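Welcome! Please take a look at the model below before reading on.

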Amino acid sequence: MVKAPTGNRRGRPPISDGQGHSIDRHVGTRIKARRLIRGMTQEDLAEAVSFSFQQVQKYERGANRIGAGRLYQLARALDVPVTYFFEEMEDAAHPAGQSVH
């Protein structure tokens, strides 16, 4: 019997699945929405935070998890509080009984 991939030691989804965790996807959606509201391209945002535009693409898709420092940089560049990225998040991001640690 072949087991389905369960992710790696750090709790990230398996690479082969091509999808990030639901929280990472939500944060990415919020980054993209705010970037578009501000009339910025991915290149503009990347330059503002000294990332590559490919990294911005991965963050917006939720394919890569964003560390606290980078999230802070993005918030400053997009002129929003860090909490903006977590607003309107569905409770489905952490189902009942699942730890958020």
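What follows is a short tour of the fold and of the aromatic rings.

This is a predicted model, in which local features need pLDDT of at least 70, side-chain atom pairs count only at pLDDT 80 or more, and totals for chains, interfaces and linings use all residues. Residues are numbered from 1 along each chain as its sequence is written, and side-chain values use heavy atoms, with hydrogens and water left out.

Let's begin with the fold. The chain has 4 helices and 0 strands, where helices (H or I, at least four residues) and strands (E, at least two) are DSSP runs. From the N terminus on, the elements read α-α-α-α. Of the 101 residues, 31% count as buried (under 20% relative accessible area, 1.4 Å probe, protein chains only).

Now to the rings. How many aromatic pairs does a search of the whole structure find? The search finds 2; rings of Phe, Tyr and Trp (its six-membered ring) pair if their centres lie within 6.5 Å, and planes under 30 degrees apart count as stacked, over 60 as edge-to-face and the rest as tilted.

| Aromatic pair | Centre to centre | Angle between planes | Type |
|---|---|---|---|
| F51 and Y59 | 5.8 Å | 75 degrees | edge-to-face |
| Y84 and F85 | 5.5 Å | 75 degrees | edge-to-face |

F51 counts as buried because its relative accessibility is 10%, and Y59 does so at 4%. In the other pair, Y84 is buried at 12% relative accessibility, while F85 is buried with a relative accessible area of 0%.

R70 lies over the face of F51, at 4.4 Å from the ring centre, and R30 lies over the face of Y84, at 4.0 Å from the ring centre. A charge sits over a ring if NZ of Lys or CZ of Arg is within 6 Å of the ring centre and within 35 degrees of the ring normal.

Conventions. Buried < 20%, exposed > 50% of the residue type's maximum accessible area, 1.4 Å probe, protein only.
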